[in-house]
Amino acid sequence: MTTDLSRILVLVRHGQSEDNAQDLFSGLRDPALTDRGVDEARAAGRELRRLGLSFTHAFTSALTRARRTMGLVLSELGQSDLPVEADPALNERDYGELAGLNKTQARDRFGVEQVRVWRKSFHAVPPGGESLAMTADRVWPFYERQIAPAVRNGGRALLVGHGNALRSMLMRLDGIDPETIEDVNIGTAQILVYGLTADGDRLVKASLPDAPGEDLRRA
């Protein structure tokens with residue numbers, strides 16, 4: 001299926017955060033990027049520039065790690081003056097009582113299998129938090145309300161987001177079912193490029209030469 005690469009959506013996960021570096025459940029916590037995360041964000045911006053991409057719209061969450069990544073990416077693209085819409089609808093999944101714990105602490109407290117289910121299942125809800133399904137219920141309406149119309153109207157949109165929030169989008173964009181999404185992982189600062197189909201009906205993964213993110217890394 002041919003795609004219109006003048007109308008695109010590029011997804012980028014934020015660079016490594018301080019919580020990522022310590023293997024902590026982050027969720028709605030607001031850690032800064034590490035030095036590595038800053039380097040990853042800048043490298044993503046340089047890669048987008050190498051691919052010849054520029055943007056008319058920019059969207060991100062209200063959390064520091066995503067907003068900082070967006071700023072670094074746009075700086076590398078020479079588009080630091082592009083207005084950015086930061087909205088809590090795009091925030092990371094709320095991990096509730098898991099937030100701030102590392103994986104070992106969480107398993108010791110709640111059990112290995114329970115933590116696995118909370119992490120991977122589409123519907124399981126950690127105490128005080130959100131399931132991936134609940135995350136999708138706020139992310140996808142924002143996409144349909146703000147992002148998709150921008151692209152359909154001739155725009156090129158950049159979305160810098162979070163691992164679980166982006167996974168919830170991929171379920172719709174790539175037609176991934178709840179069982180398969182358990183095995184999908186998006187690396188820090190990984191880039192995914194989507195182009196609008198020629199009929200303007202939907203966004204599909206674009207075939208750009210040497211574009212990163214063609215194959216999702218498995219957890």
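# Cavity, pocket and cores of a predicted model

The largest cavity is lined by Leu90, Val139, Leu159, Gly161, His162, Ala165, Leu166 and Met169. The model described here is predicted.

**The largest cavity**

- The count comes to one cavity of 30 Å³ or more, and the space in the largest cavity is about 30 Å³.
- Six nonpolar and two polar residues make up its lining, with no charged residues.
- Strand E4 and helix H7 each supply at least two residues of this lining.
- Helix H7 gives the most to it, with three residues.

**Helix H7**

- Helix H7 is mostly covered, since 10 of its 11 residues are buried.
- Among the buried residues of H7 are Ala165, Leu166 and Met169, which also belong to the lining of the largest cavity.
- Glycine 175, with a positive phi near 65°, follows H7.

- Serine 61 is found in the loop between strand E2 (57-60) and helix H3 (64-77).
- Is serine 61 buried or exposed? Serine 61 counts as buried because its relative accessible area is 0%, and the cut-off for buried is under 20%.
- The side chain of serine 61 makes a polar contact of 2.7 Å with the side chain of histidine 162, a residue that also lines the largest cavity.
- A polar atom of the serine 61 side chain lies 3.0 Å from the backbone nitrogen of leucine 63.
- Beyond its neighbours within four places in sequence, serine 61 is in contact with several residues, including Ala66, Asp87, Leu90 and Val160.

**The nonpolar cores**

- In soluble globular proteins, nonpolar side chains tend to be buried together.
- The largest nonpolar core of this model has 31 residues, and those with the most contacts inside it are Leu9, Leu11, Tyr143, Leu159, Met169 and Leu173.
- Strand E1 (3-13), helix H6 (132-152), strand E4 (156-161), helix H7 and strand E6 (191-197) each supply at least two residues of this core.
- Helix H6 gives the most to this core, with nine residues.
- Which residues does leucine 11 contact, leaving aside its neighbours within four places in sequence? Among them are Leu159, Leu166, Met169, Leu170 and Leu173, together with Gln190, Ile191, Leu192 and Tyr194.
- A second, separate core has 20 residues, including Leu53, Ala66, Leu77 and Leu158.

**The largest pocket**

- About 640 Å³ of space lies in the largest pocket.
- Its lining has 29 residues, and those nearest the centre are Arg13, Asn20, Lys103, Arg119 and Asn185.
- By class, seven residues of the pocket lining are nonpolar, 11 are polar and 11 are charged.
- Helix H1 (18-21), helix H5 (112-120), helix H7 (163-173) and strand E5 (184-185) each supply at least two residues of this lining.

**The ends of helix H4**

- Asparagine 102 caps the N-terminal end of helix H4 (residues 103-110), with a side-chain oxygen 3.1 Å from the backbone nitrogen of threonine 104.
- After H4 comes glycine 111, whose phi is positive, near 100°.

How values were computed:
Residues are numbered from 1 along each chain as its sequence is written. This is a predicted model: local features need pLDDT of at least 70, side-chain atom pairs count only at pLDDT 80 or more; totals for chains, interfaces and linings use all residues. Side-chain values use heavy atoms; hydrogens and water are left out. On a 1 Å grid over the protein atoms alone, a cavity is a set of points where a 1.4 Å probe fits but cannot get out, and a pocket is an open set with protein on both sides within 12 Å along at least five of seven lines; lining residues have an atom within 4 Å of a point. Grid points are joined across faces, edges and corners, and a volume is the space filled by probe spheres set on the points. Helices (H or I, at least four residues) and strands (E, at least two) are DSSP runs, numbered from the N terminus. Ala, Val, Leu, Ile, Met, Phe, Trp, Tyr, Cys and Pro count as nonpolar, Asp, Glu, Lys and Arg as charged, and the others, Gly among them, as polar. A nonpolar core is a set of buried Ala, Val, Leu, Ile, Met, Phe, Trp, Tyr and Cys residues joined through side-chain atoms within 4.5 Å. Buried means under 20% relative accessible area, exposed over 50%, partly exposed in between (1.4 Å probe, protein chains only). Contact means heavy atoms within 4.5 Å. A polar contact is a pair of N or O atoms within 3.5 Å; within protein, one must be able to donate a hydrogen and the other to accept it, and residues adjacent in sequence count only if both atoms are side-chain atoms.
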